[in-house]
Amino acid sequence: MCSGGSPVKGPKRIAMESNNGCMLRLEDVSLTLQGHVLIPPTSLEVRAGEVITIMGPSGSGKSSLLDFICGTLSRAFKAGGRILLDGLEITRVAPEKRGIGILFQDDLLFPHMSVGENLLFALPRNNGDRGQRRAVADAALAEAGLDGFFDRDPATLSGGQRARTAVMRTLLSHPRALLLDEPFSKLDAHTKGEFRSFVFSHARMRGLPTLLVTHDPEDARAAGGPVTTIGSEWQED
Amino acid sequence: MAQSLRQLVVSKAESRFSLLRLAPFLTLCVFLAPVVAGLAATILPALGFHPALNRYDIGLKCLLQFFSLPGAGRSLQLTIWTGFLATALAFGLAMLFSASFCHTRFFRCAQCLLSPLLAMPHSALAIGLVFLLAPSGWIFRLASGALGITRPPNVITVQDDWGLSFVFAVLLKAVPYLTLMTTAALGQVQPARSLALARAMGYGVFGAWIRTVFPRIYPLIRLPVYAVLAFSMSVVDVALVMAPSNPPTLSVFVLRLFNSKDLAMQLPGAAGALVLFLIVVGSIGLWRVGEILVARVGRRIYSSGRRGGSGTVSRSLAAGIMIMLLLFSFSALMVLALWSLADWWRFPDAFPHAFTLTTWTRHIGAVGRPAFVTFVTGISAVLVSLALVLLCLENEDRMGSINRSRTLLLLYIPLLVPQMAFLFGTQVLFIRLGIVGGWIGLIWAHVLFVLPYVFLSLADPWRSLDTRYRRSALCLGASPWKVFFRVKLPMLLKPMSVACAIGFAVSAGEYLPTVFAGAGRFATLTTEAVTLASGGDRRVLAVYVFLQAVMPLAVYLMAIVLPGWMHRHRAGML
């Protein structure tokens with residue numbers, strides 16, 4: 001039984017506990033767009049702390065697959081199959097109740113909030129009073145090497161700092177699985193390597209099953225897990 | 001755990017029947033039902049069916065009676081002539097200006113001046129224009145030395161029989177409106193590359209624009225053009241101030257019939273309203289036919305390979321006319337301010353003899369009540385419209401794609417159907433509901449016109465907000481409503497407040513809805529100003545009109561400044 005994710009009654013949890021035993025499973029998941037099969041029925045199992053990489057060219061439907069797992073797939077697509085998180089089906093659960101964290105190519109920090117407010121937005125309610133919540137956010141910032149950045153305007157941060165903030169924000173929402181939608185592609189070469197190990201080490205530390213989507217073979221190598229390729233028949237376009 | 005998940009699934013299924021899903025339907029009822037019902041309640045009496053007056057003889061008698069009224073035919077001609085002239089000129093000038101100057105600093109500068117101009121009520125501009133143009137107006141005072149006159153010259157410069165001064169008054173707002181609509185359309189088309197390409201092939205600035213950009217943006221500004229056509233054929237307040245009064249334009253003619261002491265005149269009045277409606281529908285149809293013909297000729301012109309001139313002449317012409325229009329509008333505001341502060345101002349003097357606050361202090365009490373009504377009505381109509389629009393847009397986000405071109409046409413209905421053709425019927429409907437002459441009826445009547453503008457100005461920014469913000473917020477565990485209030489609304493604060501300011505300006509400028517739904521019990525600054533414009537002390541009129549012009553202007557400026565101030569510590573929001 002995994003902890004974290006949707007609010008459960010009981011003793012208050014510490015913010016950043018590890019998450020042993022969660023597993024993300026896709027059963028015969030398929031995606032169709034206007035009668036065009038993007039992904040034929042595919043099954044996949046990601047164990048806790050494991051990173052599976054999905055490679056494929058743009059337009060192959062790999063981002064849409066992540067949308068489907070999150071529950072935010074556009075109605076233009078038709079999706080089939082089941083998604084299970086720790087043995088429970090979540091295919092029809094509302095996105096905000098799934099407990100699946102996602103990181104996009106852009107950091108998407110909310111520009112109207114401070115760095116700290118961005119983190120508190122993600123932190124679930126049952127994390128103590130204001131002071132305790134603030135302490136959790138400060139600790140997360142320290143963990144990302146951003147000590148004392150709570151009141152900063154996100155627009156004043158460097159690309160790498162923003163990216164790390166986005167990771168901490170996602171982790172503070174206590175996801176039970178992590179999806180990475182090419183989160184490294186927009187960073188410069190130096191930041192990229194550092195940030196890759198930051199993301200992977202945090203995902204492993206928390207035992208999160210992680211699905212990485214990319215078209216950069218370097219990302220796949222750094223992830224160190226199994227690699228699946230989809231949409232190869234569309235490679236020519 | 002499994003059970004709680006099952007509950008979640010069920011609660012999601014239930015939420016499909018929520019208030020949010022009803023939002024589009026509710027909105028349609030709120031703003032289209034009074035229009036449709038109002039049209040029906042106007043057409044029936046026009047055909048002779050008017051139970052309240054005990055008339056049941058259905059037929060064309062009322063229409064014939066209307067046409068037999070003295071001046072009806074002339075009034076019809078005047079309406080058609082001024083409507084087409086004003087629309088053609090406004091459209092031509094807006095195109096000429098956009099073609100000659102898009103992507104220049106002058107264009108951006110003019111735009112900054114045009115948007116506050118749009119916030120000013122049309123009747124206020126028209127009255128200010130009278131203060132400028134009349135034989136005793138400011139222009140003749142300033143020129144009196146050069147002309148060697150000491151008394152107002154005996155010429156007709158306003159309310160001329162041809163309706164030219166009326167057309168000019170319409171242009172003062174129609175040109176800025178169409179120019180800003182074109183700017184918005186240009187943003188969607190991204191014309192820079194096609195222009196560069198065409199110019200490299202030897203086409204002049206204007207020629208390149210007309211051939212490569214115009215055909216793509218016209219479909220996007222078609223509805224605004226129709227709205228200008230319908231507006232100039234059916235506007236009442238500007239016509240009362242600027243158009244000839246005997247016979248007047250059709251809409252004023254009909255209003256007089258409705259206001260006649262003899263209640264039986266309501267029947268030919270309704271017939272006239274029906275005629276106005278048909279004239280507007282027919283004119284839009286005729287304009288559409290014109291579009292098709294122009295497109296056919298246009299194709300031949302592109303393929304002829306003729307390059308046209310360098311566009312220098314059209315460029316200077318466009319700049320000159322735009323500067324003149326801006327100059328007239330801002331001098332109109334200035335002359336109002338001068339008159340309201342004038343001690344006394346003899347004719348040939350260029351400026352008042354002395355300045356005083358007496359007129360203001362003496363009338364501040366009397367002006368307070370209509371100012372209050374204007375403010376409360378405007379704010380309430382804006383809040384109701386904003387709530388409905390936000391619910392519709394949020395519903396659209398959650399439900400996925402919706403047929404947008406159909407929604408767009410529906411939104412334009414209250415702007416295309418002449419107010420005179422349905423407000424009489426709406427009043428009948430409101431009497432049935434018992435809300436005529438009360439706040440609810442008044443605010444509702446204003447929502448009909450405020451809501452489309454709020455929707456039109458908010459929909460594009462709303463739809464172009466990166467959907468990944470919403471998705472990542474959901475995946476962080478925020479409920480859809482939390483995303484709505486904590487992410488979308490704050491990020492869209494700026495367009496939202498601009499939409500509210502536009503809505504407020506629309507409400508503050510409305511004349512006919514207040515007259516009909518207020519049933520004489522409510523006066524706004526606009527209705528008071530239009531009433532006072534027919535005579536009386538210029539200084540008192542200037543106080544009303546200045547306030548009428550400045551109130552929406554102040555709201556507009558606040559709407560620009562406030563969001564920036566609230567997000568002053570967030571560089572990403574600027």
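**Entry 1: confidence**

I began with pLDDT, the predictor's confidence in each residue, from 0 to 100. I looked up chain B and found a mean pLDDT of 88, with 96% of its residues at 70 or more. Residues 1–14 of chain B are below 50 in pLDDT. This stretch still has ten contacts in the model beyond near neighbours in sequence; I count two residues as in contact if their C-beta atoms, placed from the backbone, lie within 7 Å. A note to myself: where pLDDT is low, the predicted coordinates should not be read in detail. The model scores ipTM 0.79 and pTM 0.85.

For the record, this is a predicted model, in which local features need pLDDT of at least 70 and side-chain atom pairs count only at pLDDT 80 or more, while totals for chains, interfaces and linings use all residues. Residues are numbered from 1 along each chain as its sequence is written, and chains are lettered from A and ligands numbered from 1 in the order in which they are written.

**Entry 2: chain A at a glance**

I find six helices and nine strands in chain A. These are DSSP runs numbered from the N terminus: helices are H or I with at least four residues, strands are E with at least two. Of the 237 residues in chain A, 46% are buried. Buried means that 20 or more other C-beta atoms lie within 10 Å of the residue's own, exposed means 12 or fewer, and partly exposed is in between, with C-beta atoms placed from the backbone. Among the contacts in chain A with a separation of 6 or more, 73% link residues 24 or more positions apart.

**Entry 3: the parallel sheet**

In which order do the five strands of the open sheet in chain A lie? I read S6-S7-S8-S3-S9, with parallel pairing; two strands pair if DSSP finds at least two bridges between them. S6 (100–103) and S9 (227–229) of chain A are at the edges with a single partner strand each, so one side of each has no neighbour in the sheet. On average, neighbouring strands of this sheet are turned by 20 degrees against each other, direction ignored. Helix H1 (residues 62–70) of chain A packs on the sheet and touches S3, S6, S7 (177–181) and S8 of chain A. The direction of H1 of chain A makes about 155 degrees with that of S7(A); axes are lines fitted to C-alpha atoms, for helices over the stretch in contact, and angles run from 0 to 180 degrees between N-to-C directions.

**Entry 4: strand S3 of chain A**

Next I followed S3 (residues 51–55) of chain A, which is joined to S8 (residues 210–214) of chain A by five bridges. A:Ile52 stands opposite A:Leu211 in S8(A), and A:Ile54 is opposite A:Val213. Toward S9(A), I see three bridges from S3(A), again parallel, and there A:Ile54 has A:Thr228 as its bridge partner.

Why is S3(A) largely enclosed by the rest of the structure? Five of its five residues are buried, so that is how I noted it. A:Val51, A:Thr53 and A:Met55 point one way, and A:Ile52 and A:Ile54 point the other way.

**Entry 5: the antiparallel strands**

S1 (residues 24–33) of chain A runs antiparallel to S2(A), with seven bridges between them. A:Thr32 stands opposite A:Val37 in S2(A). S1(A) and S2(A) make a hairpin with two residues between them, and A:Gln34 in the turn has a positive phi of about 45 degrees. S1(A) also pairs in the antiparallel sense with S4 (residues 77–85) of chain A over eight bridges, where A:Leu31 has A:Ala79 as its bridge partner.

I then clicked on A:Leu44, which is in S2 (residues 36–46) of chain A. With 15 C-beta neighbours inside 10 Å, A:Leu44 counts as partly exposed. Not counting residues up to four places away in sequence, A:Leu44 touches A:Leu26, A:Ile52 and A:Thr228.

**Entry 6: where the chains meet**

How many residues of chain B are in contact with chain A? I have 28 of them, facing 30 residues of chain A. On the chain B side, H19(B) gives the most, with six residues.
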